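The sequence and the structure come before the description.

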Amino acid sequence: MALAERVAREAGTLVREGRPRRVDVAATKSSPIDVVTAMDLASEALIRRSLASERPQDGILGEEEGLVAGTSGVTWVVDPIDGTVNYLYGIPAYAVSIAAVTGTPDPATWTVLAGCVHAVEDGRTWTAALGHGAFLDGAPIRVNDARPLAESLVGTGFGYTERRRVAQARVVADLLPRVRDIRRIGSAAMDLCTLAGGGLDAYYERGLSPWDLAAAAIVATEAGATVTGLRGAPAGQAMTVAGPAETVGRLVALLEGLDADDDAPAEQDAVG
Ligand code: LIP
């Protein structure tokens with residue numbers, strides 16, 4: 001946990017101090033709006049160098065450069081800037097996320113040992129270690145007690161492809177009249193950490209990658225949240241739902257009923 005925090009803060013300083021007034025897109029990934037900036041790449045390179053110099057035997061799985069396997073049994077799971085679109089537009093809700101896991105670096109089977117999510121612009125820093133609790137800037141945090149769904153503030157997010165968004169729009173349209181309100185912060189790592197400290201009552205999102213989830217998931221679970229998928233599956237790409245156990249039970253039932261872990265059929269595009 002201490003190493004994750006130190007390196008996340010180091011990368012945070014690079015991202016904050018190195019942000020040009022106008023950020024350009026360096027490349028795109030799953031769609032023209034799924035962007036990478038030069039700073040995503042620079043931040044990941046710094047994180048890899050720092051972790052490798054401290055723990056050369058460990059593996060590293062990063063959003064931009066993929067997996068470099070290690071021999072120690074520990075793999076670092078790294079998102080150099082979670083909330084890249086916010087970074088691109090200068091919306092101050094993006095974070096560096098670093099976690100250490102054992103097992104295959106896959107949410108379905110891994111064990112997260114420790115993690116840190118560092119909000120770059122305001123400096124808030126969430127940390128957690130397995131069995132040691134969760135902290136915001138060093139102070140212990142707890143998830144809210146369950147409230148009726150109608151009084152619950154729910155966080156969520158949307159993917160980068162039209163097909164995925166048609167399905168997500170159908171789900172959020174059904175949920176909106178049933179909850180207090182919806183928040184779309186734009187960083188899954190910050191969504192889950194905000195939930196862990198009581199700033200949200202529940203969170204769900206389809207499409208999270210291992211690096212969006214790793215550090216923030218242990219912050220949420222060590223703060224007392226249930227973090228799961230649908231149909232008895234663990235949290236992961238198909239769906240991630242988090243919150244106090246009771247609320248998660250209700251939200252999971254609703255999302256299963258809406259087939260929220262399934263994208264719209266190909267023929268049903270936005271103009272169909
Ligand atoms: C982002 C997630 C966010 C999701 C976005 C994107 P990125 O990660 O944190 O929750 O809604 O679509 O996946 O791409 O900024 O690392």
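## Charged pairs, cores and domains

D58 is buried, with a relative accessible area of 8%; buried means under 20% relative accessible area, exposed over 50%, and partly exposed in between (1.4 Å probe, protein chains only). The model is a predicted one, in which local features need pLDDT of at least 70, side-chain atom pairs count only at pLDDT 80 or more, and totals for chains, interfaces and linings use all residues. Residues are numbered from 1 along each chain as its sequence is written, and side-chain values use heavy atoms, with hydrogens and water left out.

The partner of D58 in a salt bridge is R55, and the closest N and O atoms of this pair are 2.3 Å apart. A salt bridge is here a side-chain nitrogen of Lys or Arg within 4 Å of a carboxyl oxygen of Asp or Glu, and the count by this rule comes to 16 salt bridges. R55 is partly exposed, at 35% relative accessibility. Three of these pairs are set out below.

| Salt bridge | Closest N and O atoms |
|---|---|
| R55 and D58 | 2.3 Å |
| K29 and E63 | 2.8 Å |
| R9 and E5 | 2.9 Å |

R9 and E5 both belong to helix α1 (residues 2-17), where they are 4 residues apart, about one turn of the helix. Helices (H or I, at least four residues) and strands (E, at least two) are DSSP runs, numbered from the N terminus. R9 is partly exposed at 34% relative accessibility, and E5 is partly exposed at 23%.

K29 forms its salt bridge with E63. K29 lies in the loop between β1 (25-28) and β2 (35-37), and E63 in the loop between β3 (59-62) and β4 (66-68), so the pair ties together parts that are 34 residues apart in sequence. The relative accessible area of K29 is 35%, and K29 is therefore partly exposed. Salt bridges that share partners join K29, E63 and E64 into one network.

D82, in strand β5 (residues 74-82), is buried yet has no salt bridge. The nearest side chain of opposite charge is that of R184, 8.4 Å away; Lys and Arg count as positive and Asp and Glu as negative, while His and the chain ends are not counted. The side chain of D82 does make a polar contact of 2.7 Å with that of S187. A polar contact is a pair of N or O atoms within 3.5 Å; within protein, one must be able to donate a hydrogen and the other to accept it, and residues adjacent in sequence count only if both atoms are side-chain atoms. Leaving out residues up to four places away in sequence, D82 touches A93, Y94, A95, S187, A188, A189, M190 and D212, where contact means heavy atoms within 4.5 Å.

The chain is divided into domain 1 (2-140) and domain 2 (149-271), with bounds that come from an automatic or database domain assignment. Their C-alpha centres lie 21 Å apart, and the contact takes 41 residues from domain 1 and 24 residues from domain 2.

In soluble globular proteins, nonpolar side chains tend to be buried together. A nonpolar core is a set of buried Ala, Val, Leu, Ile, Met, Phe, Trp, Tyr and Cys residues joined through side-chain atoms within 4.5 Å. The largest such core has 40 residues, of which V77, V117, W126, I141 and V219 touch the most other members. Two or more residues each come from β6 (95-102), β7 (111-119), β8 (125-129), α5 (188-196) and α6 (210-222), and α6 gives the most, with 9 residues. Both domain 1 (2-140) and domain 2 (149-271) give residues to this core, so it lies between them. Apart from this core lies another, of 23 residues, among them A8, I60, Y94 and A100.

Two further residues complete the description. R142, in the loop between β10 (139-140) and β11 (153-155), is exposed, with a relative accessible area of 57%. Beyond four places in sequence, R142 touches A196, G197, G198, E222, A223 and G224. L254, in helix α7 (residues 245-257), is buried at 18% relative accessible area. With residues up to four places away in sequence not counted, L254 touches L149, L175 and R178.
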